[in-house]
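Colleague: Could you walk me through this model, please? I'd like to start where the two protein copies come together.

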2 protein chains.
Amino acid sequence: MSSIIDVANAAGLSTATVSRALRTPEKVTEATRARVMAAVAAVDYRPNLLARNLRSDRSFSVLVLVPGIANPFFANVTAGIESIAWRRGYSVFLGDTRDSRDREAHYEQLVETRLADGVIQLSPDYGFNARQRAATYPIVHACGCELTQAPSVRIDNAGAAREMVDHLIAAGHRRIAAISGPAANPHAVDRMKGYRTALDAAGVVFDPALVRFGDWTMGSGHAAASELLAVPHRPTALFSMNDEMAIGAIQAATAKGLRVPHDLAITGFDDISFAAHSTPSLTTIAQPAEAMGAKACEILIDRIEGKGADDTVHVLPHELIVRQSSGPAV
Amino acid sequence: MSSIIDVANAAGLSTATVSRALRTPEKVTEATRARVMAAVAAVDYRPNLLARNLRSDRSFSVLVLVPGIANPFFANVTAGIESIAWRRGYSVFLGDTRDSRDREAHYEQLVETRLADGVIQLSPDYGFNARQRAATYPIVHACGCELTQAPSVRIDNAGAAREMVDHLIAAGHRRIAAISGPAANPHAVDRMKGYRTALDAAGVVFDPALVRFGDWTMGSGHAAASELLAVPHRPTALFSMNDEMAIGAIQAATAKGLRVPHDLAITGFDDISFAAHSTPSLTTIAQPAEAMGAKACEILIDRIEGKGADDTVHVLPHELIVRQSSGPAV
DNA sequence: ATGGCATATGTAATCCATTACATTATTCGC
DNA sequence: GCGAATAATGTAATGGATTACATATGCCAT
């Protein structure tokens with residue numbers, strides 16, 4: 001593999017001039033630049049970016065910490081991150097933490113060893129990751145919760161949940177069950193808050209028997225719905241805190257012979273692409289997943305490049321999308 | 001940020017000894033190692049991997065070229081890649097090509113500029129990517145088609161498609177429509193081959209009017225199904241070449257008042273997680289997505305590390321998963 | 001024509017860890 | 001107890017691009 005020295009030799013110039021011709025062409029004669037370009041082509045030169053990065057102490061790459069890339073929502077956020085990184089000349093390291101602190105810590109080594117310039121964290125902030133909170137490297141949260149410190153990007157989870165439950169209440173529902181994520185999960189906590197606020201506002205007494213905790217998977221949504229439908233005086237609506245669990249719930253309800261939404265309303269959260277195409281299509285909260293990733297990436301790269309330190313919590317707009325799966329209570 | 005020199009000073013040793021203590025401890029006294037470790041802790045040392053990588057001309061990272069990370073199937077393959085890369089101490093660069101040759105070529109620069117040691121290609125091989133076929137760097141295809149050269153990993157797409165259509169024929173269907181991917185897509189080509197083989201074997205005359213070309217999205221599956229259901233003497237079964245389009249087709253059929261599978265059988269391909277939880281659940285071909293990614297990654301890293309050059313085409317087993325969406329013809 | 005200045009190019013130091021080669025310390029055998 | 005062999009450590013070169021500083025070239029004004 002030819003190096004800058006080969007180019008310099010081929011062009012009869014010094015490596016300094018070659019470097020300048022390539023990186024800061026305005027510092028070099030038109031003629032020189034042409035000679036360098038010819039030499040580059042002649043020896044098939046590709047700069048060794050490891051060397052450049054070492055010299056400049058920059059890697060021009062960012063690390064995305066994602067709890068699971070197979071989750072469509074996170075995949076969308078990641079796509080948004082990638083598109084901005086690409087535009088700004090950065091590469092993306094994929095750090096799939098599989099929800100493990102260990103893996104997360106291990107991946108953070110990429111920054112500490114200079115292979116990445118900063119981190120975008122997609123896991124919500126549980127509040128006890130002291131290491132990360134004290135991080136000396138640039139870090140931005142892309143799917144924040146109310147606990148998440150700046151700089152971060154999120155939606156108003158509690159507000160969105162409240163809107164959804166308001167929607168169900170407006171449709172006449174009173175017995176509205178919740179299929180939550182893991183009890184300690186900050187997103188679940190925020191959304192649960194919105195759920196209860198909506199119930200309170202409508203004068204509906206909160207009934208713990210109508211709450212089940214899943215793990216965001218369709219299987220857990222199926223299981224939760226099966227249980228909830230067996231409760232005496234069963235709910236007429238299921239508020240699921242993500243789309244996957246809602247899809248699982250639809251399946252469970254249908255298997256029990258219930259018709260959605262006629263016999264049971266079911267709603268989701270996230271608006272992954274499958275929500276619009278499930279049968280029935282799913283009423284949900286649209287999160288601007290790509291936009292959140294993109295915004296987080298912009299903030300991160302601005303920080304890395306020292307272009308103003310954005311230290312705000314960006315709350316992006318969500319949207320209630322009413323589709324077939326929610327309907328009037330019977 | 002402290003460097004190896006700081007450690008050497010703190011320990012009263014040379015940088016060479018420090019390096020040895022850390023990388024090849026057996027070359028150093030027990031006592032020395034302890035002194036080095038203490039110094040490392042004292043100055044909070046983290047090796048600069050950019051420097052190490054420059055010296056060794058290795059980056060210990062691989063580039064994954066994926067047509068779209070938001071596609072659940074590719075996300076699963078990527079998850080498989082990541083798990084092996086992790087186990088073997090490599091990082092993963094995410095190269096989302098968005099089906100653009102341009103982006104693909106741009107991402108390949110990562111290898112040519114030494115930021116990645118090799119490439120895993122998830123796009124099927126159209127046969128005209130001369131650049132990549134002549135690549136001087138290690139490259140492995142993870143979702144190959146019949147055209148794909150070794151080393152690569154794939155399933156028997158034609159065989160799987162044939163099995164699926166055989167299954168429909170066995171259930172009594174004769175008018176079996178196909179919802180294909182883009183006409184030129186190698187996976188679509190292979191699967192179309194299997195479709196026709198099955199029809200021929202059953203003595204069913206191929207009817208071009210029963211073929212539609214989608215773009216793998218649910219929307220395109222919906223559109224294709226709508227058209228196919230308007231054909232005179234409409235088909236009793238739809239063979240969709242991926243799960244997303246099948247899910248779109250289910251939605252279209254249901255919207256038309258048809259019951260799946262009672263009035264119309266619909267089958268998919270891939271067995272993404274949503275296939276098991278759609279309503280009705282989807283008969284499909286299970287591809288070992290994670291295993292394909294993992295295998296490809298193993299092969300790639302073996303190549304990178306010079307541990308035998310596996311030059312075979314690995315055909316992993318698929319499986320016909322019969323669920324609710326396929327049923328007897330009416 | 002010459003000092004002064006801007007522009008273009010060259011020389012060599014630098015980034016940091018690794019490692020070939022050199023040197024010093026230690027152990028073993030007889 | 002001494003030379004040979006082995007082990008431990010040190011010195012300095014190396015990887016490839018960038019860049020501070022030095023030098024050379026060209027142009028203008030006086």
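Modeller: Of the residues of chain A, F93(A) comes closest to the rotation axis, with its C-alpha atom at 2.3 Å. This is a predicted model, in which local features need pLDDT of at least 70 and side-chain atom pairs count only at pLDDT 80 or more, while totals for chains, interfaces and linings use all residues. Residues are numbered from 1 along each chain as its sequence is written, and chains are lettered from A and ligands numbered from 1 in the order in which they are written.

Colleague: What rotation and shift put chain A on chain B?

Modeller: Chain A is superposed on chain B by a rotation of 180 degrees with 0.0 Å of shift along the axis, and the RMSD is 0.1 Å. That is the relation of a two-fold axis. The superposition is by least squares on the C-alpha atoms of residues with pLDDT of at least 70 in both copies.

Colleague: How many residues of each chain are in contact?

Modeller: There are 38 residues of chain A in contact with 39 residues of chain B, where contact means that two C-beta atoms, placed from the backbone, lie within 7 Å. Helix 5 of chain A gives the most to the side of chain A that touches chain B, with six residues. Helices (H or I, at least four residues) and strands (E, at least two) are DSSP runs, numbered from the N terminus. By class, that side of chain A has 19 nonpolar, 14 polar and five charged residues. Here Ala, Val, Leu, Ile, Met, Phe, Trp, Tyr, Cys and Pro count as nonpolar, Asp, Glu, Lys and Arg as charged, and the others, Gly among them, as polar.

Colleague: And through which surface do the copies meet?

Modeller: Since 100% of the interface residues of chain A are also interface residues in chain B, the copies meet through the same surface.

Colleague: Changing topic, which residues of helix 6 of chain A are buried?

Modeller: The buried residues there are E104(A), Y107(A), E108(A), L110(A) and V111(A). A residue is buried if 20 or more other C-beta atoms lie within 10 Å of its own, exposed if 12 or fewer, and partly exposed in between, with C-beta atoms placed from the backbone.

Colleague: Where do they sit around the helix, and what covers them?

Modeller: They cover an arc of only 125 degrees around the axis, which puts them on the same side of helix 6 of chain A; the arc is that of the directions from the helix axis to the C-beta atoms. Their cover includes strand 1 (61-66), strand 2 (91-96) and strand 3 (118-121) of chain A, together with strand 2 (91-96) of chain B.

Colleague: What about DNA strand D, how many residues surround it?

Modeller: DNA strand D is surrounded by 28 residues, and the closest are S3(A), I4(A), A16(A), A51(A) and A16(B); a residue is near the strand if its C-beta atom, placed from the backbone, lies within 6 Å of it. Helix 2 of chain A gives the most to this surface, with six residues. The surface divides into twelve nonpolar, ten polar and six charged residues.

Colleague: Last one: is H233(B) buried or exposed?

Modeller: H233(B) counts as exposed, with 9 C-beta neighbours inside 10 Å. H233(B) lies in the loop between helix 10 (218-228) and strand 8 (237-240) of chain B, and its phi is near 55 degrees, a positive value in a residue other than glycine.
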